[in-house]
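Take a look at the model below. We will walk through a sheet, a helix and the nonpolar cores.

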Amino acid sequence: MTKQSPFRWPATLALGTGVCLSLATALAAQDVTLNSLDGELTLRGELLSYDGSVYVLGTVFGSLEVNAFLVTCEGEACPEIDTTAEAFAIAGSSGLVNGVFSDLITAFSAEVGGAANVTEQSGDTTVISLLDEAQREAATITLAAVGSTQGIADVIADNAALAISTRAVSQAEAQAFANAGKGDPTSEGQQTIFALDALVAITSLSNPVRAISEADLARIFAGEVTNWADVGGPSAQINVYGRAADSGTSVVFNELVMEPAGLRVSDTILRTETDAALAQAVASDPLGIGVTSLADAGDAKILAVRGVCGIQVQATPFTIKTEEYPLSRRLYAYTDNETAPAQLTRLMQFLETPAAQAVVSDAGYVDLGISFQSNNEQGLRYLASILTDDVEVTLPQLREMTQSLTAADRSSITFRFALGSSRLDARAQDDIVRLANLIATSDISNKELLLIGYTDSIGDGAANLALSQQRAEEVRQALLAVAPSLGSDDLPVRALGFGEISPLSCNETDNGRRINRRVEVWLRDVVTESR
Amino acid sequence: MNKNLIAAGAIWVAIMNPAAAQQGEFSDAVNLWLSGDDANGLPALATDARNGDTAAQLILGQVDRDTIPGGYSDFLLGLTREERAQLLRFVNSDGSTVNWLLTLQGTENAALGDALFWYEANLDPIDSASDLQAVDEISKAEWILWRTLNNGFFNLIQALPTDNPELAQVGFMTWITGYFASENRTVSLSSFLADESPEKVPGLLALKRLERVLGLQGNFSVGLNELIEVIRGRGNRLPVTADLVTLDASLTRLGEVDPRVGVVNRMCDICPDSAADYQCKIQTFEIIGGYETLLAVRSPAEAAVSSDAYLASDRAVTSLVNLVRGRAPSDLTRVRSTCLQSLITDGQ
């Protein structure tokens, strides 16, 4: 038996009684039906707004925001949508364009239920056809592996919609953006940090040297040190490999290593076209040394970076995320100030998702996700406490810290502070929100959250102890302000301070002291001993 | 079957029917049936039905047309078609039989019988839900709305008729409305377990149906997503890192709030070593096909047995056991739970 339905109108009205028919009819005309492209779902509701990527529907459940790219709209109130495939270019660092973005576009197409087909490949250029869930061409994307500098220039010259760079834009480039009416590339709307990376000094596996200081590295690249014996190796000539001066890797290397040492890279070093080619050349040269990206180190040996106080830090995803590895760098994407193509906007939103960050990680770069490391893997912490002679530390203090950190894992989120200050900066505020979100979706049970403050060695030990506790408490208050439900019995939040006793970098340098002024985030098991 | 002919044949029975079913206090026959005893309960109900007991008529009518409340019990499976008809249906003077629900034509329970008999056959689910809600068969009305949404027809839910606004207030819909009204849309396993709403499970499952187009991915914790997989009957697809002991404990807690999940817990509690068998509840969902099937374990007619009374009865557990036995893999080595193995074996 099938029955005819009575006249129906939007549920927003249906919930009330005594609504006049004429009003209902008028609003019913605003109803739209949204059909998902996979044919699995049909939505209906009063169209409240549409901004090009989201439909807002008034429904029986309240306002719903529907991803406009996953549905088609039926009804008189539907906006007119241009379904012509967009065409845009992404240009920049060869390693990032070929090694990350081609895979990112594939992952993005899978995420939206479509496909990404390479339709053309020649030289440095790859053309990809992006299909949506209904197998319609949504965009034609040209990937141009032309280097960071050219990628940025291409956005300024309107030849690309997105620049992928292993370095931040220079002042001159920012000025060029402004001169071309392309806005401010350093603004939040135009600049995206999508991954982290590190510059690593590499040698052949047969080279006995295990670590090198930043100062020695600068002297080697400047041509002042030319024999391995001067940096702890055999008596033999050093063959130095580097990238072109305008490559992102060279620019960052100059910024982080050469300029602080007041030196310039020698003109006589051996140049390679790409980071990967550099790693290959060094790996096969027992006397070679070079600096490349962590992601491109390949078969070469990665040297630890040794500070002036003797602390050695390895480049690992964790030390890079915590910014304790001194040669870390961020990877950037830049757009101009015009409205980006819709599919590019979606791709940039996708960059923030775990699926996209997994692609970044698979490519050898460091993703932006929060990771944890057990206390057992924190050997550097104890080594550094003993190695450094400028910190006031006693064995009972170390014992107390060790007891606190037993059965605990450290998060890669680390809050840092200006000298003598306990005020959180803008990045720290972002990290507070990230931490609160992580806790809200992590099913943490039988744990407690420890916020542990540390200082540099400037000043009196007792004062530093108080300052470290004050910083930890500041973070605790900020966290509770964002997530008031935290701190309950489910997850107690404790603020501790250990002063200057656990440096992770040398206090002799500005950067080392900055690294040491921190509040670490630990998750500790709530241990109940059996009787 | 032609409704008019059925109605004409049932006039005599209609005269015999009392006005309404008793609520709260059940007859001995209903109690016997609610205890899970088909062999004695169904004949006793048949006697009461012939004597004009509406509750017995409603139950038998539903058992006859909807196997879930009766399940595929050994007793019913052992009957011939004729024996089954004689037991469960009204027998006309010419020996033909009629479903008891159709004998209510011409009585004040006609709308109730009509709604109960035809709701699965009506091609317009909202009409069915509306008809059921009008005769206070709320759990069935909710089931239809839930199934409609889960089949992807949100548009039909949106087009609820204006003459029945209460339909928009059924449990799971209220839960979803509350979710969208909340500023905090992240849900962790612990916050979900702490939620006291008995309709949170169907609400969450319906919400997950909308997850993709509404961009809600990432709002649910890993542990909660694993629990959802279990409830959907996909426990065998969990990653190897899944904490099965916590998931089992989570189902126990859910059962304290959601009486349907509580039926699963009570079934697994039959086994003496249930505390150590953390796979029982998880695999029960897997075998029966998830919470959707569990929603079908419900009172045959709330006018005869309230939803809560039915779910609290042994009948509900018996029905679930019958479902598990009927849907279990023939190769018992694929059944990971020792409790389920023994329950299935006992029925063979």
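Two strands pair if DSSP finds at least two bridges between them. Keep that in mind as we start with a sheet in this predicted model. S20(A) and strand S21 (residues 408–416) of chain A are joined by three bridges. The two strands run antiparallel. Within this pair, Ser374(A) stands opposite Asp409(A).

Now widen the view. The open sheet has five strands, in the order S20-S21-S24-S22-S23 of chain A. Its pairing is mixed. Strand S20 (372–374) and strand S23 (493–497) of chain A form the edges, and each pairs on one side only. On average, neighbouring strands are turned by 30 degrees against each other, direction ignored.

Next, go to another helix. H7 of chain A covers residues 248–261, 14 residues in total. From first C-alpha to last, H7(A) reaches 19 Å, close to the expected 20 Å. Yet H7(A) has a kink of about 45 degrees, centred on Asn254(A). Its buried residues include Val251(A), Phe253(A) and Leu256(A). Just after H7(A), Gly262(A) takes a positive phi of about 70 degrees.

Finally, turn to the cores. In soluble globular proteins, nonpolar side chains tend to be buried together. The largest nonpolar core here has 208 residues. Ile90(A) and Leu45(B) are among the members that touch the most others. Contacts of Ile90(A) include Phe101(A), Leu143(A) and Ile164(A). A second, separate core has 29 residues, including Leu405(A) and Ala472(A).

Conventions. Residues numbered from 1 in each chain as written. Chains lettered and ligands numbered in written order. Predicted model: local features only at pLDDT ≥ 70, side-chain atom pairs only at ≥ 80, totals over all residues. Helix = DSSP H or I, 4+ residues; strand = E, 2+ residues; numbered from the N terminus. Expected span 1.5 Å × (residues − 1). Bend = angle between axes of the 7 residues up to and from the residue. Buried ≥ 20, exposed ≤ 12 C-beta atoms within 10 Å, placed from the backbone. Core = buried A, V, L, I, M, F, W, Y, C linked by C-beta atoms within 7 Å. Contact = placed C-beta atoms within 7 Å. Axes fitted to C-alpha atoms, helices over the stretch in contact; angles between N-to-C directions. Lists of a residue's contacts leave out its neighbours within four places in sequence.
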